Amino acid sequence: MSKSGNTTERAAEVEPEEEKNAPEEDEADDENASREAAPEEPQNLENAEEVHQSERDKGNEEYEQGKYEDALKSWGRSLMSVEYILNKGYYNTKPDELEEVHRMEVRLCLNMAQGNLKTGDHEAAIKYADRALKREPMNSKGLYRKATALLKQLQYREAIAVLERLLQHEPEGKAARELLSVAKRKAAISSRTAKRVSKQMMSALGSQKDDRVPLTEREQLVRNLKDIPMQTRRGISSLQDLLRRWRRRCCSLCSKRKVAQRPKEATVPPIRSVLDSSDEEESKED
């Protein structure tokens, strides 16, 4: 490979972040703004290697500054230069140089996976992790970052499978063991929640019995028992209403009886009639 290619290999050794610093419970950003820019295609091998190195270094600096979206754009341009070299087949007859280019591609894909984890684009993180794993199936960083993205997407079983695969390759991986513990705990909680929701749904569906299907003796008995409190309340309410009406009726009858038994008052005749009657008696005596 050319001199610029050797410089590229040394610069490519810089990784933006080790897995031990990867957070297990970070909340994903809702805005997935990290997208690759559409740079111009390199014109030749020398230009492609130069663009790869400069953009990759720029992306590393931007990542360290917390400018994750800018870092993704820079790494995207660097990765496009590597793709250009591979597509043109500049090193197809040179196995050592070609392997070096493949390693550069893997490193950039790992960086892209980590950057997309930071911006919350977990689908993209999985895509670039898979791309790195296609070249190196047991790459520990590729497996870890893919598992992290799967865990963020609540794909617990898939994440557990990837982490177990990683631990088979690196049994002493502390970060992977911790993440596996988190994934198993979340998977258990998710499973219990799913069973509870399913049970509630089945119970609700079972309570909505088709009226066209006759009830069994047990179902009829259960229904009657459930209806007893309502029927009791209705009976008490009816009895109270009946007592109120009976009381009003009794009061009415008592009032009428008292009026009927009251003694009649003596009526005093008018004075004029008394005088007229006395005059008639005197005339008869004469």
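Author: K146 counts as buried, at 18% relative accessibility; buried means under 20% relative accessible area, exposed over 50%, and partly exposed in between, with a 1.4 Å probe and protein chains only. The model is a predicted one, in which local features need pLDDT of at least 70 and side-chain atom pairs count only at pLDDT 80 or more, while totals for chains, interfaces and linings use all residues. Residues are numbered from 1 along each chain as its sequence is written, and side-chain values use heavy atoms, with hydrogens and water left out.

The side chain of K146 meets that of D130 in a salt bridge, at 2.9 Å from N to O (a side-chain nitrogen of Lys or Arg within 4 Å of a carboxyl oxygen of Asp or Glu). This pair links distant parts of the chain, with D130 in helix α5 and K146 in helix α6 (residues 140-152), 16 residues apart. Helices here are DSSP runs of H or I with at least four residues, strands are runs of E with at least two, and both are numbered from the N terminus. D130 is partly exposed, with a relative accessible area of 32%.

Helix α5 (residues 122-135) also holds R131, which is paired with E83 in helix α3, 48 residues apart. The R131 and E83 side chains form a salt bridge with an N to O distance of 2.5 Å. R131 is partly exposed at 26% relative accessible area, and E83 is partly exposed at 26% as well. Through salt bridges with shared partners, E83, E105, R131 and R135 are joined into one network.

Helix α3 (residues 68-88) contains R77, whose partner E55 sits in helix α2 (residues 45-64), 22 residues apart in the chain. E55 is buried, with a relative accessible area of 15%. Over the whole structure, the search finds seven salt bridges.

In the model, the span of residues 106-139 is 82% helix and 0% strand, and its end C-alpha atoms lie 9 Å apart.
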